[in-house]
Amino acid sequence: MAVSWRSWLANEGVKHLCLLIWLSLNVLFFWKTFLLYNQGPEYHYLHQMLGLGLCLSRASASVLNLNCSLILLPMCRTLLAYLRGSQKVPSRRTRRLLDKSRTFHITCGVTICIFSGVHVAAHLVNALNFSVNYNDEFVELNAARYRNEDPRKLLFTTVPGLTGVCMVLVLFLMITASTYAIRVSNYDIFWYTHNLFFVFYMLLMLHVSGGLLKYQTNLDTHPPGCVYLNGSRYRHIHLSEYLSEQFRESFPGGFSKPDELTRNTFVKICMEEPRFQANFPQTWLWISGPLCLYCAERLYRCIRSNKPVTIISVISHPSDVMEIRMVKENFKARPGQYIILHCPSVSALENHPFTLTMCPTETKATFGVHLKIVGDWTERFRDLLLPPSSQDSEILPFIQSRNYPKLYIDGPFGSPFEESLNYEVSLCVAGGIGVTPFASILNTLLDDWKPYKLRRLYFIWVCRDIQSFRWFADLLCVLHNKFWQENRPDYVNIQLYLSQTDGIQKIIGEKYQALNSRLFIGRPRWKLLFDEIAKCNRGKSISDLRIFISRSPELLFVNLSPLPCLLHKFLLLGPPRIPLSPQLRDITNLHENSWCFLLWTQFNF
Amino acid sequence: MGQIEWAMWANEQALASGLILITGGIVATAGQFTQWYFGAYSIAAGVFICLLEYPRGKRKKGSTMERCGQKYMTKVVKLFGPFSRNYYVRAILHLGLSVPAGFLLATILGTACLAISSGIYLLAATRGEQWTPIESKPKERPQVGATIKQPPSNPPPRPPAEARKKLSEEEEVATGVSSGPQENPIPVTDEVV
């Protein structure tokens, strides 16, 4: 059991520590601000007017400040890709934190959602209280113009009110379009509404400039709750009320020190009228930094992707896959990274991420992507590149190349698959077109495998259709031969699985003899596989093995999360993480944690 | 842009608006605001909308994720026939339901959100979308009799005849089971190592 706790700590500890820090920051800000408005003397009169609503709204606002600034940071993808590759983040453990950037973004988003609800509810109550508890004495403290002004007027005719309502509507649109079901089925809605965040931030900047909530500036000359010595009759009545209030406040238990009582009442004498001033909008300080950083990054990406790429060749593969090979000046990428393609002739607004299957090297500047034709964008793109007449032939005739549409790429951006070269043993499981990140890894190994830490690669590829294996059959065979020649036959262990067993499947040709013998019919039997891997790698320590799973969109509803836990059972290592390919467009496996826990308790060690 | 199904988004929005209405209504009635009966109305309207919108409609292409336990409400919603299928009806219904809640401060945001979802439903309706219930397909039991087309004529051990039989034998070879006597092109001799 001690091994398991240590391994859990090694694998998941840093992530949970960061989460704990974030949570404590939120709690701290909420609590501090709540106490400030509840007990602070400069808000005494305001608190009298508004009550609990003031404290809740301001406390939730401070949490919102923090989260609105933090939420932009995981979206600075170029920065994250730079951090992944640079030597400044040496530890693999810290780099694994970067894999969780999208989860952190979602967590901050959910927090913003919840606390916006609290903030709005509290401010609606404040609007009501501003109207009902109109303060005749300190008129400038009021937000309402007269007593019992309709609170709805307050909402719609003040700058904070109106911007607040608009922000709620924008947030409503963004949140309803960001649910898992929408992201999976209609990604476009999610993408276009999420770009409304810019409107949200502009409205936020205006919202805090309203200055409706004021604090008292002259606390020394007018301590809150003080009494006027020379006043009108009204003030006399007030005086007795104040005295009895002081009495009750200072001595809740009973009358025991008359001296202190007199001292207390006489200390608080008003020298002058209270002066109020609006708070400085702290939010500007919070969000300006991350917003500027994000805008700078978008600008950099825009400039970088301004030059179109030169398409060298377009190859049509079986099972609706198209390979595009291109070159671009000064384009560098690491294996496992992805790029975003933008083709104005296909769609002016849409752009789509694709993992690089071939990265540019020192000797060869060509890089490539494999696209699976699934939706309308890819269909139109294919029709532009490969005219329907020649879609069956393998390589496009040279004459057609002049008519290629302009293609822009943005990137490269990092992904967890870059790490597969940094572990001694990597288990790469791919489903369908999800094999693309591993293809770039294999291409890199073909070039030169010695500089990397990787010493053994288990490559498991599950496909539905036998023709799909032809996408990378050549690559796999060449790689297999190379390692045989170099006397490292166990470096890459390939296993191909054909998951659909009904219907007669043609065996792939004689050319791919090495693959034929590694082809299995049916789904992988994980227990046997892990048993074998465990036997061969028993001596390895916790940090040397990692499992990478990259699924295709068709395998969306298959729960692959038990895999790492099964491996855990055999290897007595910590439950490895499941990094997912960006090809899957933000699809997360919701059941990951619950499955791991289930298996943990089942095996009870 | 051409293949977006707006109805799914409108459904999420309407569900969220229903919840906002319920929350606002609870705040209004519990706080005993003036005109608190609007609050009671908005709770009722919110519950009705949540129940109506809970079952997700089926997508035109691809599989749809069901909400947890939605099949019970699907049966009820299906009973209304064209009133629940047609999105024009839903758009007008939501617009109508949202108006009374606009009179009270606590529920005014629910009104705005429901109005937006009514607009998106209208957009979905103009594009000809319809609500189709997600029905679970009855599990096809493989009929044992139908799969056996031609029972083998020879008793075992049988020589390989078709590609499919060859495949299953390859699997057996992979797991190390011998495939029985067959015609070997090259005579096999036992080599003792």
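**Entry 1: α8(A) against α6(B)**

I looked up helix α8 (residues 159–176) of chain A and helix α6 (residues 108–126) of chain B, which pack at an angle of about 45° with axes 11 Å apart. That angle makes α8(A) oblique to α6(B) (under 35 degrees is roughly parallel, over 145 roughly antiparallel, 65 to 115 roughly perpendicular, the rest oblique). I noted the crossing as right-handed (the near helix is turned clockwise from the far one by less than a right angle; anticlockwise is left-handed). On α8(A) the contact uses A:V168, A:L169, A:F172 and A:L173, and on α6(B) it uses B:L109, B:A112, B:C113 and B:I116 (contact means heavy atoms within 4.5 Å). I sorted these residues into eight nonpolar, no polar and no charged (Ala, Val, Leu, Ile, Met, Phe, Trp, Tyr, Cys and Pro count as nonpolar, Asp, Glu, Lys and Arg as charged, the others, Gly among them, as polar).

**Model notes**

The model is predicted; local features need pLDDT of at least 70, side-chain atom pairs count only at pLDDT 80 or more, and totals for chains, interfaces and linings use all residues. Residues are numbered from 1 along each chain as its sequence is written, chains are lettered from A and ligands numbered from 1 in the order written, and side-chain values use heavy atoms, leaving out hydrogens and water.

**Entry 2: α2(B) against α5(B)**

The crossing is left-handed. Among the contact residues I listed B:F38, B:Y41 and B:E53 of α2(B) and B:R90, B:H94 and B:P100 of α5(B). The contact residues divide into 10 nonpolar, three polar and two charged.

How values were computed
Axes are lines fitted to C-alpha atoms, for helices over the stretch in contact, and angles run from 0 to 180 degrees between N-to-C directions. Helices (H or I, at least four residues) and strands (E, at least two) are DSSP runs, numbered from the N terminus.
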